[in-house]
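Biologist: Before we look at any single feature, could you take me through how such a model should be read?

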Amino acid sequence: MSDGKVCRLATRKSPLALRQAEIVSKLIRSTMNVDVELLPISTSGDQRLDWNLQDKGGKGLFTKELESALLAGEADLAVHSAKDLPTDSPEGLCLSCFLEREDVRDVLVLREGVVSPKVLASGSPRRVAQLKNRFPEANWIEMRGNVETRLKKIALHEEADGTILAAAGLRRLGIERYAGLIFEHLNVEEMVPAPGQAAIAVQTRLGEGHKFSGLGHPATERAVGLERRVLEVMGGGCQVAVGAFSDSTYLRFFHQKTGFLKLDARNYSEEELTDELIGRIK
(Lines give C-alpha, C1' and ligand atoms only; values in the text may rest on other atoms or scores of the structure.)
Protein backbone atom coordinates (compact mmCIF):
# COMPACT_ATOMS: atom_id res chain seq x y z
CA MET A 1 0.00 0.00 0.00
CA SER A 2 1.20 3.48 -0.84
CA ASP A 3 2.09 4.60 2.68
CA GLY A 4 0.97 1.66 4.79
CA LYS A 5 -2.31 3.37 5.64
CA VAL A 6 -4.05 4.02 2.33
CA CYS A 7 -5.13 1.22 0.00
CA ARG A 8 -5.64 2.34 -3.61
CA LEU A 9 -8.44 0.43 -5.30
CA ALA A 10 -8.87 0.44 -9.09
CA THR A 11 -12.43 0.14 -10.37
CA ARG A 12 -14.49 0.83 -13.46
CA LYS A 13 -16.49 4.07 -13.43
CA SER A 14 -19.97 2.60 -13.94
CA PRO A 15 -22.47 2.98 -11.05
CA LEU A 16 -22.51 -0.79 -10.49
CA ALA A 17 -18.72 -1.08 -10.52
CA LEU A 18 -18.42 1.80 -8.06
CA ARG A 19 -20.99 0.17 -5.80
CA GLN A 20 -19.00 -3.07 -5.85
CA ALA A 21 -15.81 -1.13 -5.10
CA GLU A 22 -17.57 0.46 -2.12
CA ILE A 23 -18.51 -3.01 -0.83
CA VAL A 24 -14.86 -4.07 -0.98
CA SER A 25 -13.72 -0.76 0.54
CA LYS A 26 -16.04 -1.17 3.51
CA LEU A 27 -14.79 -4.70 4.09
CA ILE A 28 -11.14 -3.59 3.92
CA ARG A 29 -11.73 -0.76 6.37
CA SER A 30 -13.53 -2.99 8.85
CA THR A 31 -11.16 -5.98 8.70
CA MET A 32 -7.76 -4.46 7.89
CA ASN A 33 -8.03 -1.10 9.67
CA VAL A 34 -6.71 0.89 6.70
CA ASP A 35 -8.26 3.65 4.64
CA VAL A 36 -9.21 3.11 1.00
CA GLU A 37 -8.90 5.46 -1.95
CA LEU A 38 -10.91 4.66 -5.09
CA LEU A 39 -9.25 5.01 -8.47
CA PRO A 40 -12.09 5.06 -11.06
CA ILE A 41 -10.89 4.09 -14.54
CA SER A 42 -12.69 4.09 -17.87
CA THR A 43 -12.04 0.80 -19.69
CA SER A 44 -12.06 0.12 -23.43
CA GLY A 45 -15.46 -1.53 -23.12
CA ASP A 46 -16.84 1.53 -21.31
CA GLN A 47 -15.38 4.02 -23.75
CA ARG A 48 -16.58 2.38 -26.97
CA LEU A 49 -20.32 1.95 -26.61
CA ASP A 50 -20.50 1.65 -30.39
CA TRP A 51 -18.48 -1.58 -30.32
CA ASN A 52 -20.17 -4.94 -30.73
CA LEU A 53 -18.62 -7.02 -27.95
CA GLN A 54 -18.95 -10.27 -29.88
CA ASP A 55 -17.09 -8.78 -32.84
CA LYS A 56 -14.36 -7.43 -30.54
CA GLY A 57 -14.06 -10.73 -28.68
CA GLY A 58 -15.04 -9.27 -25.32
CA LYS A 59 -11.91 -10.64 -23.64
CA GLY A 60 -10.31 -8.09 -21.34
CA LEU A 61 -12.38 -5.15 -22.59
CA PHE A 62 -13.57 -4.38 -19.05
CA THR A 63 -10.41 -5.37 -17.17
CA LYS A 64 -7.25 -4.42 -19.09
CA GLU A 65 -6.96 -0.80 -17.95
CA LEU A 66 -7.48 -1.77 -14.30
CA GLU A 67 -4.79 -4.42 -14.64
CA SER A 68 -2.42 -1.89 -16.22
CA ALA A 69 -2.89 0.38 -13.20
CA LEU A 70 -1.96 -2.52 -10.91
CA LEU A 71 1.13 -3.40 -12.91
CA ALA A 72 2.21 0.25 -13.00
CA GLY A 73 1.93 0.52 -9.20
CA GLU A 74 -0.86 3.09 -9.43
CA ALA A 75 -3.24 0.83 -7.50
CA ASP A 76 -2.87 -1.83 -4.80
CA LEU A 77 -5.80 -3.95 -5.94
CA ALA A 78 -8.44 -4.03 -8.64
CA VAL A 79 -12.09 -5.00 -8.18
CA HIS A 80 -13.91 -6.82 -10.98
CA SER A 81 -17.18 -8.59 -11.59
CA ALA A 82 -15.92 -12.17 -11.63
CA LYS A 83 -17.99 -13.02 -14.70
CA ASP A 84 -16.13 -10.34 -16.71
CA LEU A 85 -12.70 -11.81 -16.01
CA PRO A 86 -10.87 -13.89 -18.62
CA THR A 87 -9.61 -17.19 -17.22
CA ASP A 88 -5.95 -16.18 -17.60
CA SER A 89 -4.41 -13.33 -15.60
CA PRO A 90 -1.70 -11.11 -17.11
CA GLU A 91 1.86 -11.95 -16.10
CA GLY A 92 2.61 -10.40 -12.72
CA LEU A 93 -0.97 -10.45 -11.45
CA CYS A 94 -3.15 -12.95 -9.57
CA LEU A 95 -6.65 -13.27 -8.19
CA SER A 96 -6.46 -12.84 -4.44
CA CYS A 97 -10.02 -13.82 -3.52
CA PHE A 98 -13.72 -13.84 -4.35
CA LEU A 99 -16.19 -12.19 -2.00
CA GLU A 100 -19.40 -13.93 -0.97
CA ARG A 101 -21.63 -14.00 -4.02
CA GLU A 102 -25.04 -12.40 -4.31
CA ASP A 103 -28.16 -13.84 -6.00
CA VAL A 104 -26.76 -15.71 -9.05
CA ARG A 105 -29.94 -15.58 -11.15
CA ASP A 106 -30.59 -13.63 -14.33
CA VAL A 107 -33.64 -11.37 -14.56
CA LEU A 108 -35.84 -11.10 -17.62
CA VAL A 109 -37.02 -7.49 -17.94
CA LEU A 110 -40.04 -6.84 -20.16
CA ARG A 111 -42.06 -3.71 -20.74
CA GLU A 112 -45.46 -3.96 -19.13
CA GLY A 113 -48.01 -5.59 -21.40
CA VAL A 114 -45.41 -7.42 -23.52
CA VAL A 115 -46.02 -11.17 -23.64
CA SER A 116 -44.29 -12.14 -26.90
CA PRO A 117 -41.44 -9.69 -27.40
CA LYS A 118 -40.48 -8.91 -30.98
CA VAL A 119 -37.05 -7.50 -30.09
CA LEU A 120 -34.86 -8.46 -27.11
CA ALA A 121 -31.57 -6.85 -26.19
CA SER A 122 -28.52 -8.72 -24.93
CA GLY A 123 -24.85 -8.82 -25.85
CA SER A 124 -24.43 -12.18 -24.08
CA PRO A 125 -24.32 -15.26 -26.34
CA ARG A 126 -25.10 -17.36 -23.24
CA ARG A 127 -28.32 -15.51 -22.52
CA VAL A 128 -29.42 -15.41 -26.16
CA ALA A 129 -28.81 -19.13 -26.66
CA GLN A 130 -30.78 -20.12 -23.56
CA LEU A 131 -33.81 -17.90 -24.23
CA LYS A 132 -34.21 -18.68 -27.93
CA ASN A 133 -36.43 -21.66 -27.11
CA ARG A 134 -38.75 -19.52 -25.01
CA PHE A 135 -38.88 -16.67 -27.54
CA PRO A 136 -38.21 -18.30 -30.93
CA GLU A 137 -39.70 -15.42 -32.93
CA ALA A 138 -37.75 -12.64 -31.21
CA ASN A 139 -34.98 -10.72 -32.92
CA TRP A 140 -31.92 -10.09 -30.77
CA ILE A 141 -29.88 -6.89 -30.69
CA GLU A 142 -27.05 -5.61 -28.51
CA MET A 143 -27.82 -2.76 -26.14
CA ARG A 144 -24.90 -1.06 -24.37
CA GLY A 145 -24.85 1.27 -21.39
CA ASN A 146 -25.22 1.02 -17.64
CA VAL A 147 -28.14 -0.70 -15.94
CA GLU A 148 -30.26 2.44 -15.48
CA THR A 149 -29.75 3.44 -19.12
CA ARG A 150 -30.90 0.07 -20.39
CA LEU A 151 -33.95 0.00 -18.13
CA LYS A 152 -34.94 3.48 -19.30
CA LYS A 153 -34.62 2.49 -22.96
CA ILE A 154 -36.88 -0.52 -22.48
CA ALA A 155 -39.47 1.44 -20.51
CA LEU A 156 -39.59 4.16 -23.19
CA HIS A 157 -39.96 1.60 -25.99
CA GLU A 158 -36.56 2.49 -27.44
CA GLU A 159 -34.78 -0.23 -29.44
CA ALA A 160 -36.24 -3.32 -27.70
CA ASP A 161 -39.17 -4.79 -25.78
CA GLY A 162 -37.01 -6.35 -23.10
CA THR A 163 -33.56 -7.34 -21.89
CA ILE A 164 -31.82 -9.65 -19.41
CA LEU A 165 -29.84 -8.39 -16.42
CA ALA A 166 -28.06 -9.95 -13.46
CA ALA A 167 -30.08 -10.07 -10.25
CA ALA A 168 -26.94 -9.31 -8.26
CA GLY A 169 -26.37 -6.05 -10.09
CA LEU A 170 -29.95 -4.92 -9.62
CA ARG A 171 -29.80 -5.76 -5.92
CA ARG A 172 -26.49 -3.99 -5.37
CA LEU A 173 -27.90 -0.89 -7.06
CA GLY A 174 -31.03 -1.08 -4.93
CA ILE A 175 -33.34 -1.54 -7.93
CA GLU A 176 -36.28 -3.73 -6.95
CA ARG A 177 -38.74 -2.34 -9.50
CA TYR A 178 -38.87 0.17 -12.34
CA ALA A 179 -41.91 2.05 -13.61
CA GLY A 180 -43.39 0.46 -16.71
CA LEU A 181 -41.34 -2.74 -16.46
CA ILE A 182 -41.88 -6.28 -15.20
CA PHE A 183 -38.99 -8.22 -13.60
CA GLU A 184 -38.97 -12.02 -13.78
CA HIS A 185 -36.22 -13.89 -11.95
CA LEU A 186 -35.19 -16.92 -13.99
CA ASN A 187 -34.33 -20.10 -12.11
CA VAL A 188 -30.84 -21.49 -12.64
CA GLU A 189 -32.11 -24.47 -14.61
CA GLU A 190 -33.92 -22.28 -17.13
CA MET A 191 -31.02 -19.83 -17.41
CA VAL A 192 -27.68 -21.20 -16.22
CA PRO A 193 -25.62 -18.24 -14.94
CA ALA A 194 -22.25 -17.21 -16.29
CA PRO A 195 -19.21 -18.67 -14.50
CA GLY A 196 -18.51 -16.43 -11.54
CA GLN A 197 -21.79 -14.55 -11.83
CA ALA A 198 -22.72 -12.49 -8.74
CA ALA A 199 -19.22 -12.77 -7.22
CA ILE A 200 -16.82 -9.86 -6.79
CA ALA A 201 -13.18 -10.63 -7.59
CA VAL A 202 -10.13 -8.96 -6.01
CA GLN A 203 -6.99 -8.89 -8.17
CA THR A 204 -3.50 -7.99 -6.95
CA ARG A 205 0.13 -8.17 -7.95
CA LEU A 206 1.87 -11.52 -7.53
CA GLY A 207 3.23 -11.92 -4.02
CA GLU A 208 0.68 -9.50 -2.55
CA GLY A 209 -2.48 -11.59 -2.77
CA HIS A 210 -2.18 -12.78 0.83
CA LYS A 211 -2.81 -9.21 2.05
CA PHE A 212 -6.41 -9.40 0.87
CA SER A 213 -7.14 -13.13 0.92
CA GLY A 214 -8.97 -12.78 4.24
CA LEU A 215 -11.74 -10.88 2.42
CA GLY A 216 -12.70 -14.03 0.55
CA HIS A 217 -15.63 -16.38 1.12
CA PRO A 218 -14.48 -20.04 1.04
CA ALA A 219 -17.69 -21.56 -0.37
CA THR A 220 -17.88 -18.91 -3.11
CA GLU A 221 -14.20 -19.40 -3.93
CA ARG A 222 -14.62 -23.16 -4.32
CA ALA A 223 -17.69 -22.77 -6.53
CA VAL A 224 -16.30 -19.98 -8.70
CA GLY A 225 -12.98 -21.80 -9.03
CA LEU A 226 -14.76 -24.82 -10.51
CA GLU A 227 -16.93 -22.67 -12.79
CA ARG A 228 -13.88 -20.84 -14.13
CA ARG A 229 -12.06 -24.12 -14.79
CA VAL A 230 -15.08 -25.26 -16.79
CA LEU A 231 -15.00 -21.99 -18.75
CA GLU A 232 -11.28 -22.37 -19.40
CA VAL A 233 -11.63 -25.80 -20.99
CA MET A 234 -14.56 -24.53 -23.06
CA GLY A 235 -12.78 -21.54 -24.54
CA GLY A 236 -12.00 -19.11 -21.77
CA GLY A 237 -13.81 -15.83 -22.48
CA CYS A 238 -16.94 -14.04 -21.35
CA GLN A 239 -18.22 -14.06 -24.94
CA VAL A 240 -18.38 -17.86 -25.06
CA ALA A 241 -21.95 -19.25 -24.91
CA VAL A 242 -21.27 -21.24 -21.75
CA GLY A 243 -23.19 -21.27 -18.49
CA ALA A 244 -21.79 -22.92 -15.37
CA PHE A 245 -23.07 -22.72 -11.82
CA SER A 246 -21.83 -24.83 -8.93
CA ASP A 247 -23.37 -25.16 -5.50
CA SER A 248 -22.55 -27.66 -2.79
CA THR A 249 -24.37 -30.45 -4.61
CA TYR A 250 -24.73 -29.87 -8.35
CA LEU A 251 -22.90 -28.39 -11.30
CA ARG A 252 -25.38 -26.95 -13.75
CA PHE A 253 -24.00 -26.44 -17.22
CA PHE A 254 -25.17 -25.05 -20.55
CA HIS A 255 -23.52 -25.23 -23.95
CA GLN A 256 -25.11 -24.84 -27.37
CA LYS A 257 -24.04 -28.35 -28.36
CA THR A 258 -25.32 -30.11 -25.24
CA GLY A 259 -28.12 -27.90 -24.00
CA PHE A 260 -28.69 -28.04 -20.25
CA LEU A 261 -26.80 -30.56 -18.11
CA LYS A 262 -26.97 -31.17 -14.37
CA LEU A 263 -24.23 -33.24 -12.79
CA ASP A 264 -24.08 -34.42 -9.20
CA ALA A 265 -20.77 -32.90 -8.14
CA ARG A 266 -20.52 -35.31 -5.22
CA ASN A 267 -19.89 -38.17 -7.66
CA TYR A 268 -16.96 -36.54 -9.48
CA SER A 269 -13.64 -34.92 -8.77
CA GLU A 270 -13.21 -31.49 -10.39
CA GLU A 271 -11.02 -33.03 -13.09
CA GLU A 272 -13.60 -35.74 -13.76
CA LEU A 273 -16.35 -33.13 -14.02
CA THR A 274 -14.54 -31.15 -16.69
CA ASP A 275 -13.58 -34.34 -18.55
CA GLU A 276 -17.24 -35.42 -18.51
CA LEU A 277 -18.36 -32.11 -19.95
CA ILE A 278 -15.73 -32.10 -22.69
CA GLY A 279 -16.71 -35.65 -23.63
CA ARG A 280 -20.36 -34.72 -23.97
CA ILE A 281 -19.61 -31.71 -26.18
CA LYS A 282 -17.40 -33.77 -28.51
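Modeller: The chain holds 9 helices and 13 strands, where helices (H or I, at least four residues) and strands (E, at least two) are DSSP runs numbered from the N terminus. This is a predicted model, in which local features need pLDDT of at least 70, side-chain atom pairs count only at pLDDT 80 or more, and totals for chains, interfaces and linings use all residues. Residues are numbered from 1 along each chain as its sequence is written, and side-chain values use heavy atoms, with hydrogens and water left out.

Biologist: What share of the 282 residues in the chain is buried?

Modeller: Buried means under 20% relative accessible area (1.4 Å probe, protein chains only), and 52% of the 282 residues fall in that class.

Biologist: Which residues touch the most other members of the largest nonpolar core?

Modeller: In soluble globular proteins, nonpolar side chains tend to be buried together. A nonpolar core is a set of buried Ala, Val, Leu, Ile, Met, Phe, Trp, Tyr and Cys residues joined through side-chain atoms within 4.5 Å; here the largest has 15 residues, and Val 24, Ile 28 and Leu 77 touch the most other members. At least two residues each come from β1 (6-12), α1 (15-32), β3 (77-81) and β10 (200-205), with α1 giving the most, 3 residues.

Biologist: With which residues beyond four places in sequence is Leu 77 in contact?

Modeller: Taking contact as heavy atoms within 4.5 Å, Leu 77 has partners that include Leu 9, Val 24, Ile 28, Val 202 and Phe 212.

Methods: Buried means under 20% relative accessible area, exposed over 50%, partly exposed in between (1.4 Å probe, protein chains only).
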